[in-house]
Amino acid sequence: MRIGGALGLVAAATLIGHFAYRHLDLADVAMIYLLAIAVAAARMGRRIALMTALLCVGSLDFFFIPPRFTFAVNDVRHIGTFGVMLGVGWLVATLTERIRSQAQAAQAREQHAQALNRLASVLAEDGNVQHVKARVESYLERELHCAVRLLLADGEGHLESHADLAEAERAVAQWTFDHGRPSGPGTPSLPGTSWIFEPMGRWGVLGLHHPDMGPNRQSLLPAFAAQIGLTLERIHLEAERTQAHLRAEEEQLRNTLLSCVSHDLRTPLSGITGAATALLEAEGLDRAEERLLLGSIHQEAGRLQRLVNNLLDLTRVESGRLQVQKEWVLLEEVVGSALARLDDVLGARPLELRLADGWVQLDPVLFEQVLVNLVENALKYSAEGSPIRLEGRLEEGQVVLELSDLGPGFPKGEEARVFEKLYRGANSKGTPGAGLGLAICKGIVEAHGGCIEARNLNPGGQIRITLPLEGEPPQEDA
Amino acid sequence: MSAAEPLVLVVEDELPLRRFLRTALSSHGYRMEEAPTLEEARRLAPVLLPEIVLLDLGLPDGDGMDLLRELKAGSPVPIIVLSARGREEDKVRALDLGADDYLSKPFGTAELLARLRVALRHAAALSGAKAEPTLDLDGLHIDFANHEVKRGGEVIHLTPNEYALLAALARHAGKVLTHRQLLREVWGGSAAAQPHYLRVCMAGLRRKLEQDPARPRYLLTEQGVGYRFRES
């Protein structure tokens, strides 16, 4: 093809020279050939340029230099002309080649940079290792037009397997990982296989199936692999940092919990021990004094029991092992069973109930605990004899429960914090409690997929619970 | 064998609890024998022939449910299981296996004595003593022979299912009945998978019998377990 082009150029130059010869000087004809050589050198590479130059020299000699139509040369001067023509051809071809290769290199660099940039932006998106893996695979498949698999290493240096890989190919991938050297077509190791594997440091191996790429594209792979490796490293470090942070927070919370709980455990224990030793050792107590001491033992034991129950509930809620078994139950019944448990604490306190007649979807045992904690809380923080109100409404796809009291409400701006573990409001001084009850409520409500909020009324405070209702309630045709 | 004071076999591994039970029981007209292990209980039960058994489900040498099954297979002795709070599934399982009632630890003397009294009364009713033909509680009157229910002297009209549910609970007044037991009793075996029948029926019954259905006085909910008709 190129040879044809070269021949065409020489023929054209000869033809032009032939018609121009009558009007022009021999030197001008030589210039026409020189032009042909320059064109060939600029467009067709060095070898063709050299061939064109030789042909041009031959043609000039044969067709134009006297004696014409022979290769004989009368004037020695013409030998110099031939030399110049060959030299120009060589020079132009060499320069063009250099420029072209520089341009190509620049273009390749540009493409590399772009490809790496695109990869970097793919890698910069948030996500865990699996997200990154999926995104990188799909991006590289588009970029490189071949199947791409990231094979990640586990903690013990074993690569994960993949269904696309045969046993032998897995072994090659593992070898690549173990030795940190690329393998497959275009690499020094195992060039006969169908996968290229590029190691990504301690993170795994980048695998490409039957890639259709020149050495230029292939030279990108180590950069790709390194960049992916860096991202995996970053994710790993971030995860470690978060873990460490969580551990520190947990530790902190445990310490607070421990100091707080040990105080709350000790207080009733000292009461019980004191009363019991008084009963055992003191002589001559009258019946009334005995009953007083026994009453305080009973009361303190009850306090201990509530605290222990709360701690157990909280542990269950926090460990994530809370199993919510939702059932359709009648709102009235679940409220009723909670109130029955509260009979003693409620005493003669006025309680206004406004409950919708209908089905709600919840775990009745857990939710009873929520109601018990909330009502106990409301009773504790509002004046003896002041009324509390419990309202339950069914709305589109949810049930809303509101418990209001006429107490001092919640500290302004801290309404959300009352559900934090161990949080005790500024107005809770002098009120017994460890700050666990509302945290348990929040845990249980959220395990139901619902939400719980505290807000101030004027006067008083209100806790509102919203629980989702999914699907159809049972038909009442029993 | 015919001592006036009923004999209670306490199967419980914790010494303080046994001590408490001994004091509470002996000062309220019961005799008590104790077995700290399942092994011991298996040995003692056929020899002592207790009138009632208090069985802790969490014993160190095995599953209390096994003993429950064995005892129930051998004789109709009433059994009350002792269980920790929050183990509702265990309670339901024990009740469905034939246990007569349960007590959640920690419990007080009053609760203990009430459960014992109820369980012994029902055991006596089963073994041939005549069942009460009527029941009167706080103005509620149930006439089992005539299927008639009155409150404050006024006849209350119940649907057949409502009456069946009320009768099942009232005949076992003071004893907890599980959802499954009630569904079988009222709707027959096929309805066991429809717990909402029971809830709807109970709601209807409360609306007719209770002054405030949200704070029932007769028909109590044992959340996660079943229902109980107040004893007295």
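This is a predicted model: local features need pLDDT of at least 70, side-chain atom pairs count only at pLDDT 80 or more; totals for chains, interfaces and linings use all residues.
Between chain B and chain A, an area of about 2,000 Å² is buried, and carbon and sulfur atoms give 53% of it. On the chain B side, the residues that lose the most area to chain A are B:R85, B:R199 and B:Q223, which together account for 34% of what that side buries. In terms of contacts, 29 residues of chain A are touched by 20 residues of chain B.

Charged pairs also bridge the two chains. Six salt bridges are found across the interface of chain B and chain A. In one of them, B:R199 is paired with A:E333, with the closest N and O atoms 3.2 Å apart. Helix α8 of chain B, residues 195-209, supplies the largest share of the chain B side that touches chain A, namely eight residues. Sorted by class, that side of chain B has eight nonpolar, five polar and seven charged residues. Polar contacts between chain B and chain A come to seven residue pairs, with both residues at pLDDT 80 or more.

Looking beyond the interface, the count of salt bridges over all chains comes to 48. Within chain A, A:K133 forms a salt bridge with A:E160, and their closest N and O atoms lie 2.6 Å apart. This pair links distant parts of the chain, 27 residues apart: A:K133 belongs to helix α5 (residues 129-144) of chain A, whereas A:E160 sits in the loop between β1 (147-152) and α6 (167-179).

Attention now turns to helix packing in chain A, with helix α13 as the guide. The axes of helix α12 (residues 364-381) and helix α13 (residues 437-447) of chain A come within 9 Å and cross at roughly 150°. This crossing of α12(A) and α13(A) is left-handed. Residues of α12(A) that take part include A:L366, A:F367 and A:V370, and those they meet in α13(A) include A:L438, A:I440 and A:I444. The residues of this contact divide into nine nonpolar, four polar and no charged.

Helix α13(A) also packs with helix α9 (residues 287-318) of chain A, at an angle of about 35° and with the axes 9 Å apart. Here, too, the crossing is left-handed. From α9(A), the residues A:N310, A:D313, A:L314 and A:V317 meet A:A439, A:I440, A:G443 and A:I444 of α13(A). By class, the contact of α9(A) with α13(A) has five nonpolar, two polar and one charged residues.

Notes. Residues are numbered from 1 along each chain as its sequence is written. Chains are lettered from A and ligands numbered from 1 in the order in which they are written. Side-chain values use heavy atoms; hydrogens and water are left out. Contact means heavy atoms within 4.5 Å. Buried area is the accessible area (1.4 Å probe) that two parts lose on being put together, summed over both. A salt bridge is a side-chain nitrogen of Lys or Arg within 4 Å of a carboxyl oxygen of Asp or Glu. A polar contact is a pair of N or O atoms within 3.5 Å; within protein, one must be able to donate a hydrogen and the other to accept it, and residues adjacent in sequence count only if both atoms are side-chain atoms. Helices (H or I, at least four residues) and strands (E, at least two) are DSSP runs, numbered from the N terminus. Ala, Val, Leu, Ile, Met, Phe, Trp, Tyr, Cys and Pro count as nonpolar, Asp, Glu, Lys and Arg as charged, and the others, Gly among them, as polar. Axes are lines fitted to C-alpha atoms, for helices over the stretch in contact, and angles run from 0 to 180 degrees between N-to-C directions. A crossing is left-handed if the near helix is turned anticlockwise from the far one by less than a right angle, and right-handed if clockwise.
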